[in-house]
Amino acid sequence: MIVTGLKHEPMLCTLAAPKGHPITNQLLSELFLLLTAQILPQPSDPELTNGTLVDGSSPASASSTSALLSRLQVEENSEADAAELYASTETRDLFVTVDDPKKHVSTMETYITYRVSTKTTRIEFDLPEYCVRRRYQDFDWLRVKLEETQPTNLIPPLPEKFVMKGVVDRFSEEFVETRMKALDKFLKRVADHPVLSFNPHLNAFLTAKDLNKRQGLALLTKMGESVKHVAGGYKLRARPPEFNAMGEYLDTFSQKLGTIDRIAQRILREQSEYLTELREYASVYSSWAGSEDELQRPLEGVAGCVTTCCGALEDLSENMSQDFLPVLREYVLYTETMKNVLRKRDQSQAEYEGRLEAAVLRRQEDRTPMPLEVEKCQDKMECFNADLKADWERWQCNKRQDFKQLLIGMADKNINYYEKCQTAWESLVTVLQEKQTEDKTSETN
């Protein structure tokens with residue numbers, strides 16, 4: 001599903017920076033062009049035509065958020081709908097939520113736990129509802145177990161443990177809130193997956209009061225080791241075209257996300273600097289108004305307008321740091337995860353080709369039958385191919401949804417910002433007109 005009407009709207013490229021701040025405007029133009037031209041599929045692509053441009057006129061005079069959204073026609077793509085059925089409320093039978101972060105302080109360490117709530121009708125669960133508390137390392141344990149036991153599937157990424165851009169204190173309210181949202185999204189993606197959601201380690205994670213993370217360590221899959229052993233000295237003949245296309249797409253996508261992230265970080269820094277100057281600007285007018293009886297009301301009006309603009313810009317910057325950047329970061333990690341799965345698929349193919357080539361040579365020498373292990377390697381490779389294709393479609397579907405919401409939110413927040421600024425300055429015009437009328441009346445008298 002794609003939001004249209006955004007791609008060719010130059011007005012949106014200047015949002016988030018007040019007039020007279022050309023560097024930030026230029027950065028935003030670059031940012032928006034990258035988002036629309038590279039991340040979202042273009043209507044010219046026959047496989048990904050999901051939207052229609054309704055109106056190309058400028059929305060600069062829009063009076064409310066709905067004025068822009070009413071000009072956007074969001075069309076449902078039948079193929080996308082089919083891919084999204086797995087996530088529909090009607091067919092889901094496992095619902096999870098991560099919320100209620102709490103800080104724990106002990107003599108040994110300080111850490112945050114989150115409440116994990118589960119509602120389900122599956123027979124694999126003894127009860128219909130569960131509520132447990134988990135910390136970050138428990139989520140990390142779950143992801144490691146999923147990678148070990150489901151090597152052919154794409155495992156959603158976790159937020160980074162130690163570093164998150166723009167945040168210094170890992171116990172600050174902003175950091176904890178951002179991490180909680182990321183953990184909630186991770187767990188929901190796992191619970192919505194048609195294969196991962198039935199993993200016994202997920203069941204233990206959702207239900208066990210005390211999670212025994214040592215359990216199952218002896219059951220590590222040997223697949224990765226066997227693949228490395230067999231395929232270590234073998235060069236892959238040729239990756240199938242569809243997986244070549246995946247690799248090329250991921251390289252380009254990762255590069256563009258990195259560029260967008262750098263531009264967004266620069267925008268935030270410039271907005272922060274501009275906000276500091278704007279606050280000082282307002283205080284000057286306030287102090288000036290105290291010494292000018294005749295100009296007191298207009299000067300106080302200017303100070304109030306600038307203060308309102310400060311608050312609006314603060315909200316806009318907060319939205320970018322807490323909503324926009326985490327989505328970018330998640331998909332940066334997602335692309336790395338997808339690349340790892342693609343490399344595992346290549347190793348599986350190399351293992352099959354290596355064993356097949358060795359078996360053919362032996363057969364030519366002594367006419368022995370084809371070993372069973374070759375067939376097993378072929379089955380493993382075909383399983384990898386099928387799972388990767390299915391997860392790729394699911395990932396593309398999630399990406400379209402996430403970036404559609406990201407762009408709508410971006411437009412919405414920027415419109416709100418400019419509406420607040422416009423309303424403030426319009427109220428000042430009324431004050432100035434009243435002052436001018438009073439002065440004329442005084443002169444006449």
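Trainee: Which residues in α8 meet α10?
Mentor: From α8 you have Glu242, Phe243, Met246, Tyr249, Leu250, Phe253 and Leu257. In α10 they meet Asn385, Leu388, Lys389, Trp392, Trp395, Gln396, Lys399 and Phe403. Keep in mind that this is a predicted model.

Trainee: And how many of those are nonpolar, polar or charged?
Mentor: The contact of α8 with α10 has 10 nonpolar, 2 polar and 3 charged residues.

Trainee: What's the angle between α8 and α10?
Mentor: About 30°, and their axes are 12 Å apart. Helix α8 covers residues 241-289, while α10 covers residues 372-444.

Trainee: Left-handed or right-handed, that crossing of α8 and α10?
Mentor: Left-handed.

Trainee: OK, on to α4. Where does α4 meet α5?
Mentor: On the α4 side, at Tyr136, Phe139, Leu142, Arg143 and Leu146. Their partners in α5 are Arg179, Leu183, Phe186, Leu187 and Val190. By class, that contact has 8 nonpolar and 2 charged residues, with no polar ones.

Trainee: Are α4 and α5 roughly parallel or antiparallel?
Mentor: Roughly parallel, because their axes cross at roughly 30° and angles under 35 degrees count that way. The two axes come within 12 Å, and the crossing is left-handed.

Trainee: What about α4 with α6, how do their axes cross?
Mentor: At roughly 165°, coming within 9 Å. Anything over 145 degrees counts as roughly antiparallel, so α4 and α6 are roughly antiparallel. The crossing of this pair is right-handed.

Trainee: Which residues meet there, between α4 and α6?
Mentor: Asp138, Phe139, Trp141, Leu142, Lys145 and Thr149 come from α4, and they meet His201, Leu202 and Phe205 in α6. The class count for this contact is 5 nonpolar, 2 polar and 2 charged residues. Phe139 and Leu142 are also among the α4 residues that meet α5.

Trainee: What lines the largest cavity?
Mentor: Glu147, Gln150, Pro151, Asn153 and Ile155 are part of the lining, along with Thr337, Asn340, Val341 and Lys344. Sorted by class, the lining has 3 nonpolar, 4 polar and 2 charged residues.

Trainee: Which helix gives the most to that lining?
Mentor: Helix α9, residues 296-366, with 4 residues.

Methods:
Residues are numbered from 1 along each chain as its sequence is written. This is a predicted model: local features need pLDDT of at least 70, side-chain atom pairs count only at pLDDT 80 or more; totals for chains, interfaces and linings use all residues. Side-chain values use heavy atoms; hydrogens and water are left out. Axes are lines fitted to C-alpha atoms, for helices over the stretch in contact, and angles run from 0 to 180 degrees between N-to-C directions. Helices (H or I, at least four residues) and strands (E, at least two) are DSSP runs, numbered from the N terminus. Angles under 35 degrees count as roughly parallel, over 145 as roughly antiparallel, 65 to 115 as roughly perpendicular and the rest as oblique. A crossing is left-handed if the near helix is turned anticlockwise from the far one by less than a right angle, and right-handed if clockwise. Contact means heavy atoms within 4.5 Å. Ala, Val, Leu, Ile, Met, Phe, Trp, Tyr, Cys and Pro count as nonpolar, Asp, Glu, Lys and Arg as charged, and the others, Gly among them, as polar. On a 1 Å grid over the protein atoms alone, a cavity is a set of points where a 1.4 Å probe fits but cannot get out, and a pocket is an open set with protein on both sides within 12 Å along at least five of seven lines; lining residues have an atom within 4 Å of a point.
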